[in-house]
Amino acid sequence: MGATGNLGSRVIRELLKQGAIATDIIASTRHPEKASELAQRGVEVRRADYEDPQSLKEAFLGTDVLLLIPSSAPVEPRIQQHFNALEAAKQSKVGRVLLTSILAATSTSKFLITPFTLYSESKLCSSGLEWTILRNCLYLDPVAQWVPKLIQMGYLPYPVKKGRVAYISRDDLARALAAACLGSDRSGQIYQLTGNKSLSMPELAQTISQVTGKHCEFKSVSEDEFADICRADNLPELMIEVLTSMYRAVDNEEFDIVTDHVERLTGTPPESVESYLRRTWRDIYSRSQESGVRSQE
Ligand SMILES: NC(=O)c1ccc[n+]([C@@H]2O[C@H](COP(=O)([O-])OP(=O)(O)OC[C@H]3O[C@@H](n4cnc5c(N)ncnc54)[C@H](OP(=O)(O)O)[C@@H]3O)[C@@H](O)[C@H]2O)c1
């Protein structure tokens with residue numbers, strides 16, 4: 001599920017790269033027309049909507065390994081979506097379910113999405129299905145997307161005082177998720193997929209400066225100031241609330257975890273923040289000059 005999204009499309013590319021046969025892969029989406037390129041490569045495309053239990057049941061028929069990438073719906077509907085997905089997985093006799101979760105999956109988390117994460121993880125573990133859970137750290141990609149704006153402002157404004165984050169790119173997450181799908185001995189495992197180093201926000205700003213050659217220093221802003229910056233970028237209020245809580249979780253040290261689980265799954269360590277930014281920022285910057293400076297999401 002989520003095959004057409006930023007993460008899911010990378011997972012399918014990785015599955016093919018890691019030796020899966022296209023005709024063994026099923027890409028599920030609400031909009032099959034969005035996956036026409038995959039269909040041309042031989043991947044089977046099925047229509048499935050987390051909100052439509054019958055579509056899930058039909059889409060999961062004959063599936064050995066099911067990767068659930070959640071939608072970005074608000075918490076309560078997302079909980080219902082995963083209830084639907086797990087019921088359908090049971091009815092369709094799916095062999096093993098992999099769930100992409102997030103590191104802040106603890107009952108004391110400050111992240112607003114956590115009630116969904118706790119529900120979906122525990123519901124999966126008690127479902128009787130074979131399971132693997134992959135808890136992601138924060139994506140590095142949105143930081144890179146924000147670089148043009150940061151260069152323009154001259155500072156990195158997050159409502160963080162002391163928190164550190166082991167950022168990881170969607171490319172590395174996709175490699176790990178594909179490997180977890182293809183590996184046969186991953187059942188009952190919880191993986192924490194993180195970058196190879198945890199950075200403080202001043203260190204992140206310094207890395208952006210070094211890579212771009214432009215001045216960028218970290219400025220710890222209040223939640224209200226951060227919300228105003230997000231509003232100026234036209235982010236919806238709900239997203240702003242979620243992001244603000246995410247930075248509360250950062251200060252609560254929920255993303256300050258470094259593991260070797262990406263390397264354990266794939267044989268290769270994740271790319272450093274510096275290397276990823278060097279690889280991506282010029283393209284992002286050029287595109288932003290053509291279409292106006294991009295926002296952080
Ligand atoms: N770790 C982090 O820092 C971080 C940051 C942002 C997001 N996330 C989470 O990571 C997950 C995926 O990220 P992403 O970047 O791939 O997001 P994305 O690009 O927005 O993709 C979301 C996917 O969800 C699917 N979807 C949405 N509503 C659906 C529904 N009702 N039924 C079935 N599919 C539905 C969409 O498919 P169709 O439209 O084709 O159906 C799309 O493939 C999300 O859960 C998101 O909340 C994590």
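Predicted model: local features only at pLDDT ≥ 70, side-chain atom pairs only at ≥ 80, totals over all residues.
**Entry 1: domains**

I looked up how the chain is divided. The domain assignment gives domain 1 as 6–136 + 169–193. It gives domain 2 as 141–165 + 196–256 + 271–291. I then checked the separation of the two parts: the centres of domain 1 and domain 2, taken over C-alpha atoms, are 28 Å apart. In the contact I found 15 residues from domain 1 and 14 residues from domain 2.

**Entry 2: the interface**

How much area do domain 1 and domain 2 bury between them? I noted about 1200 Å², with 60% of it on carbon and sulfur atoms. On the side of domain 1, the residues that lose the most area to domain 2 are K110, F111 and L112. Together these three account for 42% of what that side buries.

Next I went through the charged and polar pairs. I counted three salt bridges between domain 1 and domain 2. Separately, I wrote down a salt bridge in which the side chains of R279 and D171 meet, at 3.0 Å from N to O. The rule for polar contacts finds six residue pairs across the interface of domain 1 and domain 2.

I also asked which helix gives the most to the side of domain 1 that touches domain 2. The entry is helix α7 (residues 170–182), with three residues. I sorted the residues of that side of domain 1 by type and got seven nonpolar, three polar and five charged.

**Entry 3: the ligand**

I then looked up backbone atoms beside oxygen atoms of the ligand. For Y139, a backbone N or O atom lies 2.8 Å from an oxygen atom of the ligand. For G5, a polar backbone atom is 2.9 Å from an oxygen atom of the ligand. For G2, the distance from a backbone N or O atom to a ligand oxygen atom is 3.3 Å.

**Entry 4: a salt bridge in a helix**

I counted the salt bridges of the structure and got 19. I picked the pair K17 and E14, whose side chains meet in a salt bridge at 3.7 Å from N to O. How many residues apart are K17 and E14 in helix α1? They are three residues apart in helix α1 (residues 6–17), so about one helical turn separates them.

**Entry 5: D49**

I looked up where D49 sits, and the place is the loop between β2 (44–47) and α3 (53–60). Leaving out residues up to four places away in sequence, D49 touches R30, S55 and L56. Last, I checked D49 against A59, ten residues apart along the chain: their C-alpha atoms are separated by 9.3 Å.

How values were computed
Residues numbered from 1 in each chain as written. Heavy atoms only, no water. Domains from an automatic or database assignment. Contact = heavy atoms within 4.5 Å. Buried area = accessible area lost by both parts, 1.4 Å probe. Salt bridge = Lys/Arg side-chain N within 4 Å of Asp/Glu carboxyl O. Polar contact = N/O pair within 3.5 Å; in protein donor to acceptor, adjacent residues only side chain to side chain. Helix = DSSP H or I, 4+ residues; strand = E, 2+ residues; numbered from the N terminus. Nonpolar A, V, L, I, M, F, W, Y, C, P; charged D, E, K, R; others polar.
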